[in-house]
Amino acid sequence: MSRHQAVRNLDYKVALDEYDGYSEEEDELSPEDRAAMTQGTIDVRAILGPASSKVTTAQIEEALWHYYYDIEKTVAYLVSKFVAPSPPAVKQQKASSSSNVDEYGSPVASKGMSPPSNSYYFRDMPWGNIPKHRETVFIPPTMPQGGLLGGSGAPPKMSKLQMLAAARKKKAEEKNAKENVEQTQAKMSELSVDEKPVSKENIPLSGGFSKRLKTSETTAAGRMPLADSERSRHEPADRTPLKVTEPSKPSVEPEEKPVVEKAPPSGFALTLFGPANAAKPTLREVFTLPNAGLSPSILEAFAKPSPDDVVLAAQAKVETAGKKVAPGPKKKGAASTDAITSEVKALKIEDPLPKSRNLNVLSEFEQSNKKKTASFVVVGHVDAGKSTMMGRLLLDLKVVDQRTVEKLRQEADKIGKSSFALAWVLDQRVEERARGVTIDIATNRFETANTAFTILDAPGHRDFIPNMIAGASQADFAILVIDSATGAFESGLKGQTREHALLIRSMGVARIIVAVNKLDTVNWAQDRFDEIKHQISGFLTGTGFQLKNVAFVPVSGLNGDNLVNKSTDPAAAWYTGPTLVEELENSEPIARALSKPFRLTIADLFRSQQSPVTISGRIDAGSVQVGDAVLVQPSGEKAYVKSLMVNEEPADWAVAGHSVTIHLSGIDPVHVRLGDIVCDPSKPIQCLDTFKIKALAFDFIWPTPLDVHRGRLHAPGKIQSLDALLDKVTGAVTKKKPQIVKPGSVARLTVKLDKKEPLEAGMRIILRMNGETLAAGLLE
């Protein structure tokens with residue numbers, strides 16, 4: 001949708017309602033604030049007395065509002081601000097006049113004034129006025145270690161070739177040193193200071209080249225030739241060469257170097273490094289090895305093999321001995337490496353185990369006055385209105401408030417699905433809301449006068465049948481939702497309505513309530529209701545339901561007719577039967593296996609604040625209490641019940657039929673998955689990969705790969721063999737080893753799984769292949 005269309009479709013009323021800005025009404029005081037303001041003004045004026053004439057009423061009210069009607073703070077503020085304000089501080093005049101400041105604001109030295117200091121120019125720098133105790137002290141870095149730890153301090157051993165090469169090198173160095181000494185002595189003996197005639201090279205030239213001198217023996221002897229100006233001061237005018245007598249020691253005039261005056265340091269340098277005469281830190285010019293000054297005892301300790309070397313050598317020795325020597329009887333007192341290794345592996349830090357109260361759960365359950373619990377699954381064809389009907393039911397029962405529904409309706413309006421607001425009460429996943437269909441089991445709870453119900457809203461789309469099977473496996477009875485709109489009922493009967501009815505009966509659900517939904521779209525036509533009731537009754541009877549366990553209720557899920565309250569529409573006056581909630585009250589849950597060993601199928605697995613491993617589901621059999629040890633199959637890992645919740649309320653125990661949330665301890669999350677069974681460690685459930693099943697065929701069956709479903713469990717496998725065909729009534733064998741099983745027949749099958757799964761006799765199994773249900777039955 002383009003931006004222009006979005007602006008055109010913008011609901012300004014909703015936008016203004018969501019705006020949280022200030023309005024004119026918010027500026028007015030409430031009656032309580034106005035009374036407090038009036039009383040506060042009177043009290044303030046009474047305290048101020050005659051000085052109250054200096055303060056206006058508006059100023060008093062503003063101060064009262066600012067200090068939340070605090071009389072003392074208000075009076076103090078008014079006195080300091082208006083009654084007796086403090087005189088303004090007089091600014092100090094600048095010491096220097098404008099004539100002594102340049103155009104950039106820097107002082108200029110005038111007559112009789114000393115020039116400003118160098119630090120003055122950096123007076124506004126953040127690093128210029130640092131106190132002495134906060135100045136940085138530069139610490140020279142530590143020198144790197146000059147040697148390797150371990151070993152002895154002796155030089156490394158040398159081979160014979162290395163020793164021979166070192167000897168030759170030393171001999172050559174000695175020979176070269178001796179030759180250099182002899183050459184130096186020979187050159188020194190040739191040196192003399194006898195008189196020599198002045199060569200032409202030392203005669204100064206005339207003209208422009210008079211100052212260019214050539215190198216002579218004097219230069220070679222270490223003297224620089226003199227220029228004309230210098231020579232005239234030492235030589236006579238006739239330029240006769242001087243006779244030099246041999247002195248006792250030749251005097252060499254030192255070369256005069258020009259003296260360069262150092263410039264005074266800048267203000268920046270003085271600020272950073274201080275004056276030139278400051279003491280400079282002494283630097284280490286000699287690099288000493290850190291290990292050289294160690295005591296002999298320490299050096300001797302590092303000369304020995306390290307502990308790691310000792311351990312590695314011992315391990316290598318054990319491995320070598322194990323390969324060569326055959327295992328024999330161990331000597332008494334000898335340490336066993338394998339035993340130590342196993343003990344080290346067994347060491348681990350565990351949380352303290354929860355303490356069990358050792359309650360008699362069955363007697364506690366019988367003595368408790370709690371409401372009976374029941375769970376029902378809502379099934380039906382896609383778009384039959386299952387989630388909307390359950391959302392309306394929760395709204396009418398005050399489980400969900402109207403404000404939440406209005407908020408969901410506004411969110412649904414933004415994506416053009418305003419009619420899905422009630423469905424979003426249960427469909428809370430982003431993908432479900434975007435697609436407009438239920439994907440996974442949505443759960444919620446409500447209570448009536450006698451029963452606490454758990455809703456299991458199952459998806460209706462055929463792609464999510466495995467999730468529907470998981471929900472039906474936890475239900476005591478079911479609500480089958482039928483879309484009564486013209487054409488919708490007929491298409492649903494050919495689609496998921498039929499498959500869902502077969503699956504819930506195969507999962508052991510005997511009680512079913514048929515909710516004929518959307519009758520308001522056909523003006524509550526009784527003929528349409530009777531037609532649907534007639535066809536569905538015949539279909540359910542053929543599926544295996546008894547008519548006494550089947551009930552029909554005409555409802556409108558969107559408007560809430562006949563859900564909790566009777567319909568007020570005159571067109572629906574012909575129905576005088578019970579409402580949907582009343583039918584639920586009349587439904588009795590299935591018998592609980594309280595005395596059997598504890599069994600719970602994990603329907604959900606998540607991490608909570610109380611435990612990293614938290615599971616939820618319905619207890620299939622037995623009982624459990626806080627502190628009990630449980631076994632998770634098929635991993636075979638043991639865990640402990642840290643705490644548990646029944647119907648989202650903390651409890652000390654739970655029995656079969658309760659929907660519980662259990663926080664486990666003492667087990668790693670990798671050993672727990674959806675579909676696993678938590679059982680009693682003393683009576684664990686077996687893990688099988690091959691089993692026999694007595695199944696009702698929904699389609700043609702032959703040995704083929706397929707998927708096995710048991711609650712949340714979804715395991716690949718195959719039909720290994722067709723053992724026999726059975727009679728539907730007596731269960732007797734009618735034919736052995738059939739080649740194929742036709743739809744509607746009952747057969748005994750042998751199923752092989754790819755890996756072992758927790759299974760036991762009496763469990764209900766669903767066989768599916770390529771998105772179609774092939775058969776369902778009981779494990780033998």
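Here is a tour that starts with the whole chain and then moves from one selection to the next.

**Before you click**

What you see is a predicted model, in which local features need pLDDT of at least 70 and side-chain atom pairs count only at pLDDT 80 or more, while totals for chains, interfaces and linings use all residues. Residues are numbered from 1 along each chain as its sequence is written, and side-chain values use heavy atoms, with hydrogens and water left out.

**The whole chain**

Start with everything shown as a cartoon. There are 22 helices and 23 strands in the chain. Both kinds of element are DSSP runs numbered from the N terminus: helices are H or I with at least four residues, and strands are E with at least two. Of the 780 residues in the chain, 32% are buried. Buried stands for under 20% relative accessible area, exposed for over 50%, and partly exposed for what lies in between (1.4 Å probe, protein chains only). Now think about contacts, meaning heavy atoms within 4.5 Å. Taking those between residues at least 6 apart in sequence, 68% join residues at least 24 apart.

**Stop 1: α4 and α5**

Select residues 31-48 for helix α4 and 57-66 for helix α5. They pack at an angle of about 115°, with axes 10 Å apart. The axes are lines fitted to C-alpha atoms, for helices over the stretch in contact, and angles run from 0 to 180 degrees between N-to-C directions. The crossing is right-handed; that term applies if the near helix is turned clockwise from the far one by less than a right angle, and left-handed if anticlockwise. Show side chains next: α4 brings Asp33, Arg34, Met37, Gly40, Thr41, Val44 and Arg45 to the contact, and α5 brings Thr57, Ile60, Glu61, Leu64 and Trp65. By class, the contact of α4 with α5 has 5 nonpolar, 3 polar and 4 charged residues. Here Ala, Val, Leu, Ile, Met, Phe, Trp, Tyr, Cys and Pro count as nonpolar, Asp, Glu, Lys and Arg as charged, and the others, Gly among them, as polar.

**Stop 2: strand β1**

Jump to Ser375, which is in strand β1. Is Ser375 buried or exposed? It has 3% relative accessibility, so Ser375 counts as buried. Setting aside neighbours within four places in sequence, its contacts are Thr454, Leu456, Gln474, Ala475, Asp476, Phe477 and Arg618.

Slide along to Gly380, also part of β1 (residues 372-380). Gly380 has 0% relative accessibility, so this glycine is buried too. With neighbours within four places left out, Gly380 touches Lys386, Gly460, Leu480, Val481, Gln496 and His500.

**Stop 3: helix α20**

Select residues 496-506, which is α20. This helix is largely enclosed by the rest of the structure, because 9 of its 11 residues are buried. Among the buried ones are Gln496 and His500, both of them contacts of Gly380. After α20 comes Gly508, with a positive phi near 95°.

Ile465, Met468, Ile469 and Ala472 of α18 meet Gln496, Glu499, His500, Leu503 and Ile504 of α20. That contact has 6 nonpolar, 2 polar and 1 charged residues.

**Stop 4: two loops**

Which residues does a cis peptide bond join? Zoom in on Gln633 and Pro634, where omega is about 15°. Pro634 is in the loop between β11 and β12.

Move on to the loop between β12 and β13, where Asn647 lies. Asn647 has a positive phi near 55° without being a glycine. Glu648, in that loop as well, has a positive phi of about 65° and is not a glycine either. Glu648 is exposed, with a relative accessible area of 58%.

**Stop 5: β21 and its partners**

Finish with strand β21 (residues 746-758). Strand β17 (residues 687-697) pairs with β21 in the antiparallel sense over 9 bridges; strands pair if DSSP finds at least two bridges between them. Look for Leu688 opposite Glu757. Strand β19 (residues 713-726) also runs antiparallel to β21, joined by 8 bridges, and there Leu722 has Leu749 as its bridge partner.
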